[in-house]
Amino acid sequence: MRRTVTLAAAALALGALAVAARRLARLEPVLVEGDSMRPTLLPGQWLAVGPLDRPPRRGDLVVVRRESTHSAMEMVKRVVGLPGERVRLVAGRLEVDGVEVAEPYLGATAGGEAGDLDLRLGEDQYLVLGDHRAASTDGRDFGPVPAAALTGRVRFAYWPPRRLPQPD
């Protein structure tokens, strides 16, 4: 009986390791460049980015792919608006469907100088903004992005070992 329990525990442990290894193998490194996500992310930090395994939630850090006529660019931004919502940004305060949304991750970088916004998102659209609103090119500049433009979700920062982005 004891041997059966030990074998079952070993099989369970191996299965858990296999699942963890598959998840880690799908992560890609991304280097933070620029100040648009301060204070959450700092230039020079390395992030582990994985595929979108669920629809993005408000507060998620995502990689957004922006296509232009001459090139493509990827940037890390925070999801602040979800499909179908009315999103307003007035004097640095974020409102979704008429309710103010707390943004504790902004620190002292938020402010009214960052630009106002008032829009209704379509059924396949997300609004993404930088945490350092005064120094970010984001949805206030290029508008809502389709779900297909969100190419990954930040799982954690791993170098230098300072701190992690907002948890899931």
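Biologist: How many bridges join β4 to strand β9 (residues 125-129), and in which sense do these two strands run?

Modeller: Two strands are taken to pair if DSSP finds at least two bridges between them, and here β4 and β9 run antiparallel and are joined by three bridges. Within this pairing, valine 79 of β4 (72-81) stands opposite valine 128 in β9. Before we go on, note that this is a predicted model, in which local features need pLDDT of at least 70 and side-chain atom pairs count only at pLDDT 80 or more, whereas totals for chains, interfaces and linings use all residues. Residues are numbered from 1 along each chain as its sequence is written, and side-chain values use heavy atoms, with hydrogens and water left out.

Biologist: Which elements does the protein have, and in what pattern do they follow along the sequence?

Modeller: Helices (H or I, at least four residues) and strands (E, at least two) are DSSP runs numbered from the N terminus. By that reading the protein has two helices and eleven strands, and their pattern along the sequence is α-β-β-β-β-β-β-β-β-β-α-β-β.

Biologist: In what order do the strands of the open sheet stand, and which are its edge strands?

Modeller: The open sheet has seven strands in the order β1-β2-β11-β3-β4-β9-β10, paired in the antiparallel sense. Its edge strands are β1 and β10 (145-146), each of which pairs on one side only. At the β1 end, β1 and β2 are antiparallel over four bridges, with leucine 31 standing opposite tryptophan 46 in β2. The pairing of β2 with β11 is likewise antiparallel and runs over five bridges, and there valine 49 faces valine 154 in β11.

Biologist: Is β2 mostly covered or mostly open?

Modeller: Burial is read from relative accessible area, with buried meaning under 20%, exposed over 50% and partly exposed in between (1.4 Å probe, protein chains only). On that scale β2 is mostly covered, since four of its five residues are buried, while 39% of the 168 residues of the protein count as buried.

Biologist: Which residue takes a positive phi in the hairpin of β5 and β6?

Modeller: The hairpin has two residues between its strands, and alanine 91 is the residue with a positive phi, near 50°, although alanine 91 is not a glycine. Alanine 91 sits in the loop between β5 (86-90) and β6 (93-96), and its 47% relative accessibility makes it partly exposed. Aspartate 97 also has a positive phi near 50° without being a glycine; it lies in the loop between β6 and β7 (99-101) and, at 46% relative accessibility, counts as partly exposed.

Biologist: Which residues lie nearest the centre of the largest pocket, and which strand gives the most to its lining?

Modeller: On a 1 Å grid over the protein atoms alone, a pocket is an open set of points where a 1.4 Å probe fits, with protein on both sides within 12 Å along at least five of seven lines, and lining residues have an atom within 4 Å of a point. Here the lining has 14 residues, and Leu31, Glu33, Glu74, Met75 and Val76 lie nearest the centre. β4 gives the most to that lining, with five residues, and β1 (28-31) and β4 each supply at least two.
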